[in-house]
Amino acid sequence: MGQSVLILIKPDGLKKSLTGNILSRLSETKLEIVAAKMVRVSKELAEEHYQQLKDKPFFAEIIKYLQGDLHDRKKVMALVYWGAEAIKKCRDLAGSTNPEEAESTSIRGSYGRITTGGIYENVVHVSSNPSEAEREIKLWFTPDEIIVDLYAAKDIIQKEIKKKVWA
Ligand code: TYD
């Protein structure tokens, strides 16, 4: 049975030019990439993403971090990987949340740091379990942006919706 997982390459990963390295490391899992895009992260999206941490003292800082305010890179790369044991495989490769506790060869152990303000800049986000993965993937992607049918979706007709198309 396949599993899906949301991966974010956070603004510190982009600023340090680590995108290629991180994708190479993730390719060791032999999982399939089923969605990928660059995202400009709104405050609302960041707060929704980290909703479980809203009472933590570091909440405001990690919202700024995900939005790119700390790295002058106002974007993240969002990907969905799919395959057997996808969450465990990607979390093992990412390493512990605290980069100093992460195994030194893991992505966070290799590239993460703790700021002087005490925030873990750990380069990537990886969903923690299947229900979080579903919640996060539905938050970051629409059904049309994922090349396989991961979750139930429906067709609707929306009239008078303003959107940009090619001129
Ligand atoms: P969390 O969801 O607990 O960890 P993970 O990203 O490994 O699933 O935390 C979200 C982010 O918040 C984490 O990637 C880095 C930051 N963070 C801190 O800065 N300090 C902390 O003590 C914790 C627990 C997290």
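Author: **The ligand and its surroundings**

Along the sequence, the elements of the protein chain follow the order β-α-α-β-α-α-β-α-α-β-β-β-α, which amounts to 7 helices and 6 strands, where helices (H or I, at least four residues) and strands (E, at least two) are DSSP runs numbered from the N terminus. The radius of gyration of the protein chain, taken over C-alpha atoms, is 16 Å, close to the 15 Å that the globule rule (2.2 Å times the number of residues to the power 0.38) gives for 167 residues, so the chain is as compact as a globular protein of that length.

This is a predicted model, in which local features need pLDDT of at least 70 and side-chain atom pairs count only at pLDDT 80 or more, while totals for chains, interfaces and linings use all residues. Residues are numbered from 1 along each chain as its sequence is written, and side-chain values use heavy atoms, with hydrogens and water left out.

Around the ligand stand Lys10, Tyr50, Leu53, Phe58, Ile62, Arg91, Thr97, Arg108, Ile119, Tyr120 and Asn122, each with a heavy atom within 4 Å of the ligand. This shell divides into 6 nonpolar, 2 polar and 3 charged residues; here Ala, Val, Leu, Ile, Met, Phe, Trp, Tyr, Cys and Pro count as nonpolar, Asp, Glu, Lys and Arg as charged, and the others, Gly among them, as polar.

Taken alone the ligand exposes 500 Å², of which the protein buries 79%, with accessible areas coming from the Shrake-Rupley method with a 1.4 Å probe.

Ile62, a member of the shell, also belongs to helix α4 (residues 59–67), whose buried residues are Phe59, Ile62, Ile63, Tyr65, Leu66 and Gln67; buried means under 20% relative accessible area, calculated with a 1.4 Å probe and protein chains only. What covers these residues, through contacts (heavy atoms within 4.5 Å), includes β1 (2–9), α1 (11–15), α3 (43–49), β3 (76–84), β5 (120–121) and α7. After α4 comes Gly68, whose phi is positive, near 95 degrees. In the protein chain as a whole, 41% of the 167 residues count as buried.

Technical notes
Buried means under 20% relative accessible area, exposed over 50%, partly exposed in between (1.4 Å probe, protein chains only).
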